[in-house]
Amino acid sequence: MSVRVAIDIGGTFTDATLIDESSGAVSIAKVLSTPADPSEGFMRALERALVEGGVEARATNFVVHATTVATNAIIEGRIARSGFVTTDGFRDLLEIARQVRPSLYDTRFEKPPPLVPRDRAVVVRERLGPDGGVLVPLEDDSVRAAAAVLREQEVESVAVCLLHAYVNAGHEQRVGAILAEELPGVPISLSSEVAPEFREYLRASTTVINAVIRPIVGRYLERLESRLEEAGVRGKLLVMQSSGGIFSSEAAARRPVFMVESGPAAGVIASAHLGTTVGRRDVLSFDMGGTTAKVGLIQDGRPTVTKDYTVGGHAGAGVGGMSLSGYPVRTPVVDLVEIGAGGGSIAWVDSGGLLRVGPQSAGADPGPVCYGRGGEQPTVTDANVVLGRLNPAYFLGGELELDVEGARRAIEERCAGPLGLTTTEAANGIVEIANAAMVNALHLISVQRGYDPRDFLLVAFGGAGPLHANALAREAQMPALLVPPSPGIFSATGLLTTDLKRDAATTLLRRLEELDPAEVDRGFRELEEAGAAELAGEGLAAGAISSLRQLDLRYVGQSYELTLDVPTPFDGAAAAELAGRFHAEHDRTYGFGAPGEPIELVSLRVTTLGTIAKPPPRRLPDAAGAPEPRSRRPVFFAEAGDYVDCPVHDRYGLGAGARFAGPAVVEEFDSTVVVHPGYAVSVDAAGNLLIEEEAT
Amino acid sequence: MAAVDPIAFEVIRNALVAATDEMVLALKRSAYSTNIKTRSDFSCAFFDAELRPVAQGFNQPVHLGSMVEQVPKAVLSYGPESLAPGDVLVTNDPYPSGVHLNDVSLISPVHAEGELVGYVANLAHHVDVGGGAPASIGAFREVFQEGVIIPPVKLVEGGVVVDDVFRLILAQIRSKHETGGDFRAQIAANATGVRRVQALVARHGRERLLATMEELLDYTERRTLAELARLPHGVYEAEGSVDNDGYTDEPVGLRVRVELGPDGVRFDTTGCAAQRRAPVNSTWAMTFSAAAYVLKCLVDPDLPVNDGFYRLVHLHAPAGTVTNCTWPAPVVGGWETQTRLVDVMFRALLPAFPERLPAGTKAMMCQAGFGSLDVAAGSYICFYDTFAGGYGGRDGLDGPDAVQAHGQNTENAPVEETELNYPVRIERLALVEDSDGAGRFRGGLGLRKDYVFDLHTTFTVLADRDRSGPWGVLGGRAGRRAEYVLVRDGAETRLGSKCTLELVPGDVISVRTCGGGGYGPPEERDPERVLRDVLEGKVSAERAHDVYRVAFAGHKVDRAATGALREAG
């Protein structure tokens, strides 16, 4: 028997999910996180999950890990003392950054301080042109002089970003080699390896982030590996990347900037996998927890990935990926729209007499009023309690009894009273406002990018996701949604269903009409061979390795590229189709195409995947006839205009094939599913609830 | 809140802002020029059927305040009854109420269920709109020399581009390919906005949407009034100036009176210099946006910006002055005056808000543009950039180095993107050491950017601050003034702050912007902060000694010697 284990370290809890590779049986464990040394919580969760599953440590085939250690290091300023090496004349790249203020009307704003201060920023004599040609040859002596300054400064890590190194890495490689000689043992991060993309500040920022977290992440992963070994775990340690693939702990230690958004990606990957198993490859994932809600888009089984991302900033200064605060990162990140609407979001009435929800959150402590832990401000969770959607006696399986009266009183006093509404109207309003914010987020990730949400399946998870998902689907006119079993830990299962992934790209600027298909095909093959070699080095059989080829194209003069999948081999026929496909894709994305305008190729992308066998899905016993509700209670539905006497089902009592109609509530340990009138539920063999609009 | 459901209200309010945000994304992602796609020199807004601003997609505050003037006047002068679904108006006419010619607005009516619901609009700074110099900036005598003047006309009719108009406009413009792409992106942004607002009508119903928008404006007014009630009421005045106008060396005097009252804020620019036949004239719309910006900085940042807010901003700007110029005065450099006005307004209000407001800032747009003609290829490539400078020191906070100020928040053009797409090399991008206005909290450092040209090029700088740097406050010193330098055959020549010149291959233009003003006496600055600045090379050891009066022993502050220096005064 062999098992695989996923460990997800969050701010409050560390979750372990263990899955039996042959039966698909799942065991879970939840322990408090140990921020001082996260590896402690990691091991505690692992050991508890092994006990739960009744297996020995040596039965572990591999351990997949998602962690915020990289992001936290930046946010909390626990970063390595690093140096920055760049082209002569550009020492202040990091100081100047994008020359903008992070907020428009705040006269007391501050620019994010550079992660490498000016006294550790040094220059070398060299210069490349935009075509990669050498304008000034690299002077080795200037590199040695720079190294002397960095040695004097006792740096633990170095980032190198030379102008135009995205098109010609030669000078950076030479600088790296000299620095390795001069600064033995100090890790060197080259921009041409970390993020070979044009626009120097974005590339430099990405490389610097890689450098400043590299020693911390490296030590952390080493510690984990030695602890795993002590505990008798022989399987490999793998780490979730921001892009949704996993990589080995060795690769993670070298390129930690690829894992800054390791945690949130898991839920999207899990949704993609779930969608595929039920035959739906176009999915919107909806994850709602205590403080935020996140939506992601999966097209044809693949999560959309973006490179517009900032770490250590705050939302609100820009829209979409245009945040002006924090430090930009140009490595692939699963595209998520995240908003400050969670169960703990506080409802309040502002000075203009308007009901607002968030962005302040009651968090886990004191939490919503109904938790009875001293919270005084009403939250979304309190509104759900008042509306009868949450069972006060069965929250977290009955571990926490909810204070319904407290919730009602808080909403009455702080919202309903000032607005002249009934308590029910106010509670419903709080939920509707939170829902509307989430629908806007859904819109941003779908309609804004040219997708119609009605063509997608909504997959809902997180502790609060299934409470709100049906209302969202209704508002966005999505005909169906799916709620997996144990929605509270669904994200972690994503860690167990993902594949090894390596993203690589190379810049090749060519007008489409001058494109030589053979040259492109050769470029792809080089990237593929490097990717396959890396994955083979991690023990994958050749048959398990596959790759995806993509091209980034744009109209000549534009700067944002659109990415198209292309076939293997890339031949004249494939090249001939490109222009037509690009015009169509541009029209889909932006609402206009410009046939007749010249198009250029910008880069080649190859994603190499190492497929890992997926455990079989759990199989539920068949339902014995129509399901009997466990109880009934009044639940408020706005479309009915009142409380409705509503059946309440115990999810663990539902067998495969069971069917029932809304309105209904389904309760389980870590989540509650609300089914609206006009929708019908069917339970599939794996225990997923499929909720569909009833034909009218 | 009688007639409007408070729940639907909050839902619709957020959806309207989301609609303008989606316009912003559509424009940025599909535009061609670095100025729009990378530097975000554009803004988007939604107006109701009565042309009152309801929601704005935040980018450049200068635009937001001025669109409020420009869009309604453009639609009214064209005639709203002449606009049908699928039509798009284009305009950049400064008179009677626009801004400079580079800022071109596209305005689309939104119809739903056969009725007019409102208008979406976006304004974007085009790199070139023709006129006397590439990038359409320079010192001219009349607006006619500044570029193509487009009164409100239909660029799109019933969803189809009006080719005659489009070709007529493009014929006046140097960088046709890039500008054509930017126009298409602007059209797409409006189409996005129209669709989103129509979807809102379908979802909520026209009546409810209109009632909610009406209430949104009143709600904003109520909240703004609640904020005004808390402000220190009174009259505040200050003076300042723009260095010169590009033709004469006579400073352009500015005088501002701000009256904070419980029922509104009155900005009065009586006493500002008469308008010049030179590029320093701000239109009424530009000046209004300065006033709106200042008030917005003083109130709760959560406050929405729409007509309910703007109604409480009262501006008296006498016609014929540099704050409300009349036809056909040139306006291209009006933003230099406009940003300086904000600095002067802050200077007036500083006694009332000493914890919130900064010492003098860069307070100029600081623009440069150039163009190179490739006769063989039949193309004319134009480029435009603006440069950051030092921000002023604040109570408890140094002024940030190299950052945009006030209504301007455009990003820099990346070096690599510039070199890849435009015929120029950039030799240096750096902070200007020792340019800080010394203070207990020092001003930020200025910025230096050096361009090298390998082709014959026409280059324009349209800026200011090379006579005097931003003022210090409460005992702080002024920031170092800016310098605009031509390096030819190794020899440096100081250029004026508003000039156009012909470059030959090998020439270098070096722009060195001003530092921000200091806040409080420099000899009260924490010596450890001075040490940090010296170690980082931002402040020299000499200035640390002479101005900040700090002495060092190796890499440490010499407390005793510092005490003695400061004692000696």
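**Asking how we know**

Reply: Happy to, and keep in mind that this is a predicted model. Let's start with helix α1 of chain A, residues 38-53: its 16 residues reach 23 Å from the first C-alpha to the last, close to the 22 Å expected at 1.5 Å a residue.

Me: Which residues of α1(A) are buried?

Reply: They are Pro38(A), Gly41(A), Phe42(A), Met43(A), Ala45(A), Leu46(A), Ala49(A), Leu50(A) and Gly53(A). What covers them includes the strands β1 (3-9), β2 (13-20) and β3 (26-32), along with the helices α2 (69-75) and α7 (200-230), of chain A. Just after α1(A) comes Gly54(A), with a positive phi of about 65°.

Me: Why is Asp8(A) called buried?

Reply: A residue counts as buried if 20 or more other C-beta atoms lie within 10 Å of its own. Asp8(A) has 26 within that distance, so it is buried. Asp8(A) lies in strand β1 of chain A. Leaving out residues up to four places away in sequence, Asp8(A) touches Asp15(A), Ala66(A), Gly263(A), Ala266(A), Ser491(A), Ala492(A) and Leu495(A). As for Ser33(A), 25 residues apart from Asp8(A) along the chain, the two C-alpha atoms are separated by 9.9 Å.

Me: What makes α12(A) largely enclosed by the rest of the structure?

Reply: The count of buried residues settles it: 21 of the 23 residues of α12(A) are buried, so the rest of the structure largely encloses this helix.

Me: How many residues of chain A are in contact with chain B?

Reply: There are 54 residues of chain A in contact with 66 residues of chain B. On the chain A side, the elements that give two or more residues are α3 (93-96), α7, β22 (355-361) and α12 (423-445). Of these, α12(A) gives the most, with seven residues. The residues on that side divide into 23 nonpolar, 16 polar and 15 charged.

Me: Why is α5(B) called roughly perpendicular to α6(B)?

Reply: Helix α5 (residues 176-204) and helix α6 (residues 206-230) of chain B pack at an angle of about 115°, with their axes 6 Å apart. Angles from 65 to 115 degrees count as roughly perpendicular, so that is the name for α5(B) and α6(B). The contact is made by Leu200(B), Val201(B) and His204(B) of α5(B), and by Arg206(B), Arg208(B) and Leu209(B) of α6(B). These divide into three nonpolar, one polar and two charged.

Me: What makes β6 and β10 of chain A edge strands?

Reply: Look at the open sheet of four strands in chain A, with the order β6-β5-β9-β10 and parallel pairing. Both β6 (121-124) and β10 (188-190) pair on one side only, and that makes them the edge strands. Neighbouring strands here are turned by 25° against each other on average, direction ignored.

Me: How do you know that β5(A) and β6(A) pair?

Reply: Pairing needs at least two bridges, and β5 (residues 82-87) of chain A has four bridges with β6(A), in the parallel sense. In one of them, Phe84(A) has Ala121(A) of β6(A) as its bridge partner. Helix α4 (residues 140-152) of chain A packs on the sheet, touching β5, β6 and β9 (157-161), and its direction makes about 170° with that of β6(A). Helix α5 (residues 170-182) of chain A lies across β5, β6, β9 and β10, running at about 180° to β10(A).

Conventions:
Residues are numbered from 1 along each chain as its sequence is written. Chains are lettered from A and ligands numbered from 1 in the order in which they are written. This is a predicted model: local features need pLDDT of at least 70, side-chain atom pairs count only at pLDDT 80 or more; totals for chains, interfaces and linings use all residues. The expected span of a helix is 1.5 Å times one less than its number of residues. A residue is buried if 20 or more other C-beta atoms lie within 10 Å of its own, exposed if 12 or fewer, and partly exposed in between; C-beta atoms are placed from the backbone. Two residues are in contact if their C-beta atoms, placed from the backbone, lie within 7 Å. Ala, Val, Leu, Ile, Met, Phe, Trp, Tyr, Cys and Pro count as nonpolar, Asp, Glu, Lys and Arg as charged, and the others, Gly among them, as polar. Axes are lines fitted to C-alpha atoms, for helices over the stretch in contact, and angles run from 0 to 180 degrees between N-to-C directions. Angles under 35 degrees count as roughly parallel, over 145 as roughly antiparallel, 65 to 115 as roughly perpendicular and the rest as oblique.
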